[in-house]
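Please work through each task before turning to its solution.

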Amino acid sequence: MHRENIEKAVFKCLENSSLSMDNIDAIAVTVKPGLLISLEIGVKYAKYLSKIYKKPLIPIHHMEAHALAARMFQDIQLPFLTLLISGGNCLLAFVKEIDNFLLLGDTMDNSPGEVLDKAARRMKLRNLPEYSGMAGGRAIEVAAKNAVNPFLFDFPLPLNRNRDCNFSFSGLQDAFLRHLLHKEKYHNIMGDEIIPEVNELCAAFQLAMAEHIAHRTERAIKYCEITNLFRGDVKNIVVSGGVACNDFIFKSIECIGNKYGCKVFRPPPKLCTDNGVMIAWNALEKLKHKSDSVNEPIEINPTAPLGLPLAQGVILTWDSSRLRASVRSSGFNDRRKIFAAMLE
C-alpha cells in the first residue's frame, strides 16, 4: 500500500499547496525508527526525488520530530524535557539541542496507546453507539467522563519503588483484565453484552495510566533540577505523540508541571499523531541551526533509540538523599488528591 500510494500522496500535497518541485529547497525523510518496510519505501522514493530534482536529502529521526513539533506553533526555548506517549512509544528525554537528546526513561514493555486500544476492544466499547465511531483510546476518554464513581476500581502505581524514569504498563493491563473478568462473572455477561460499570472502569483505568505517567515525569523533572539540566528559571515540558491528544492525561502532566514551575506544551491534536508536517519541520530546524546531522549518510535503523541513554545516571542521582526526600514528600497521596480535584 505504501509503495502504491507514495507518489500520489507527494504530488497531491504539492497540488494542494499550489507548488511544484521547483519551489522545494530540500527533501526530508524518516530513516529511524519505525517499520522496516515503510522506512525502506520512503527512503527509496526520497532518494529518487533527490536525484531527479537535484535536491538535498535530510535524514530525520521520527521521535526527535515528535519532540520538536510543538515549536512550530509556540515559543518553546531550548533546552526542555519531553514526554513522548503514543501507540508505539512511551519515553522521557531531555532536549539539549535540536540534535542532542538525553534519554531519561523508556517503556519496559507496552506503550500506553496500545494498552488503551486493547482495553477498549476487550470492553467492547464499539458495541455502544456513542463510542462506536471512535478509536479505542478516545472512546475510553469519553466514557470516563460519564463515570458516576471514577474511584470504583483500584489500580496499583507501577514501579513506585524503582529509582529510574522508566515506564511499565503490563501490571496495569493485568489489573484491568482482572477487574473486567470479575465484573463479567458477577453480572453473568454473555457474548456482546457489556458490564454496567464500563464507564467507571474506563475512568479508573485512565486515572491509573495518568498517575503512572505523571509519577515518572515528576521523577524526571526532579532529576533535571538536581543535575542543573534546565537553563535558569526556564523549565519547559513538551508532551507529544498520539496519546498526548488525551486531555485528561495531558492535564495530569500540567498539574505536575505547575507544581514545579514548568510550562507544559503540546502540538495541536492533528500534529500529535504521526504526520509529515513534523518531519518537514524537523528538517527546517536542522537547516536553521546548521546541524551536523543534515550531512549524515542516509542509513535506515528501525530500532534506533532516542539520544544518549541515561537511565543508569538517573538511578545514581536518585541515590542522593536530597532527591529521594524531595520526591518522597510529594508522593502518591498528593498526586491522587490532584487528580481527584481534576475530576470534580
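**Exercise 1.** Does Arg 138 count as buried, partly exposed or exposed, and what is its relative accessibility?

Solution. The model is a predicted one, in which local features need pLDDT of at least 70 and side-chain atom pairs count only at pLDDT 80 or more, whereas totals for chains, interfaces and linings use all residues. Residues are numbered from 1 along each chain as its sequence is written, and side-chain values use heavy atoms, with hydrogens and water left out. The classes are buried (under 20% relative accessible area), exposed (over 50%) and partly exposed in between, with a 1.4 Å probe and protein chains only. Arg 138 has 40% relative accessibility and therefore counts as partly exposed. The next step is its partner: Arg 138 meets Glu 141 in a salt bridge of 3.3 Å, N to O, where a salt bridge is a side-chain nitrogen of Lys or Arg within 4 Å of a carboxyl oxygen of Asp or Glu. Glu 141, by contrast, is buried, because its relative accessible area is 4%. Both residues belong to helix 5 (residues 136-145), three residues apart, which is about one turn of the helix; helices are DSSP runs of H or I with at least four residues, strands are runs of E with at least two, and both are numbered from the N terminus.

**Exercise 2.** Which parts does the salt bridge between Glu 225 and Lys 235 tie together?

Solution. Begin with the contact, in which the side chains of Glu 225 and Lys 235 come to 2.7 Å, N to O. Glu 225 lies in helix 7 (residues 198-226) and Lys 235 in the loop between helix 7 and strand 6 (236-240), so the pair ties together parts that are ten residues apart in sequence.

**Exercise 3.** Where do Lys 118 and Glu 114 lie, and how many residues apart are they?

Solution. Both are found in helix 4 (residues 112-123), four residues apart, about one turn of the helix.
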